Amino acid sequence: APAPDKIDYVFKVVVIGDSAVGKTQILSRFAKNEFCLDSKSTIGVEFQTRTIIIAGKVIKAQIWDTAGQERYRAVTSAYYRGAHGAMVVYDITKRQTFDHVARWVEELKIHADASIVITLVGNKADLAESRAVPTEDAVEFAEEQGLFFWEASARSGENVESAFLRLLEEMYKVV
Ligand code: GDP
Ligand code: MG
């Protein structure tokens, strides 16, 4: 990673979505290229970082995890404060987690900056045989709401990197 004194921007990204959709694992995959099969609910860790280069600029992405506060409306506005980007995650095998995405987007509208860049991620794409959310439903919702959209897997790593990099590139265009 580049030396800290060379950092041009620090970008805050918040990861939200229902409990057990894989938020913490997606974050670990992006920040450390790790996946932990028997992860327990999140305790303690507030954010992880990864430094990347976009358009020749050194960008430190500070990616925040909800630390198990996913109950509806339990995530406080402090969590969203200063966020330039958000990743809303659902589980493609659990319809309810997709039905709740609209609520999470609503929370962003209430608590975050109007200029926040949002990406929707349907996680656990490796479990496609148990799919409960058709890709088209999510594409339609994302288009309606103006969100980026990816199906991804923290387990296989599929599209995790692409989803974060695309989000960070878009955030860079906004600053
Ligand atoms: P969080 O509550 O949203 O932070 O969810 P976690 O990251 O703790 O993951 C919840 C459970 O789903 C854990 O048992 C993970 O191992 C599992 N999990 C997370 N991502 C994936 C994935 O992409 N594929 C599969 N098959 N399981 C996953
Ligand atoms: Mg978690």
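A67 sits in the loop between β3 (57-64) and α2, where helices (H or I, at least four residues) and strands (E, at least two) are DSSP runs numbered from the N terminus. With a relative accessible area of 32%, A67 is partly exposed, a class that lies between buried, under 20% relative accessible area, and exposed, over 50%, as judged with a 1.4 Å probe and protein chains only. The C-alpha atoms of A67 and S156 are separated by 23 Å, and the two residues are 89 apart along the chain.

The model is a predicted one, in which local features need pLDDT of at least 70 and side-chain atom pairs count only at pLDDT 80 or more, while totals for chains, interfaces and linings use all residues. Residues are numbered from 1 along each chain as its sequence is written, chains are lettered from A and ligands numbered from 1 in the order in which they are written, and side-chain values use heavy atoms, with hydrogens and water left out. The protein chain averages a pLDDT of 90, and 90% of the residues score at least 70; pLDDT is the predictor's confidence in each residue, from 0 to 100. The scores of the model are ipTM 0.99 and pTM 0.93. Where pLDDT is low, the predicted coordinates should not be read in detail.

The protein chain contains six helices and six strands, and along the sequence these follow the pattern β-α-β-β-α-β-α-α-β-α-β-α. Of its 175 residues, 46% count as buried. The largest nonpolar core has 26 residues, and those with the most contacts inside it are V14, Y80, V88, Y90, V101, L108 and L120; such a core is a set of buried Ala, Val, Leu, Ile, Met, Phe, Trp, Tyr and Cys residues joined through side-chain atoms within 4.5 Å. At least two residues of this core come from each of β1 (9-16), α2 (77-80), β4 (85-91), α4 (101-111), β5 (117-123) and α5 (135-145), and the largest share, four residues, is that of α4.

A polar backbone atom of A20 is 2.7 Å from an oxygen atom of ligand 1, a polar side-chain atom of D126 lies 2.7 Å from a nitrogen atom of ligand 1, and a backbone N or O atom of R155 lies 3.1 Å from an oxygen atom of ligand 1. Taken alone, ligand 1 exposes 580 Å², and the protein buries 87% of that.

A polar atom of the S153 side chain lies 3.1 Å from the backbone nitrogen of R155.

N159 is likewise placed in the loop between β6 and α6, but N159 counts as partly exposed at 27% relative accessibility.

Terms used
A polar contact is a pair of N or O atoms within 3.5 Å; within protein, one must be able to donate a hydrogen and the other to accept it, and residues adjacent in sequence count only if both atoms are side-chain atoms. Accessible areas come from the Shrake-Rupley method with a 1.4 Å probe; for residues, only the protein chains shown count as cover.
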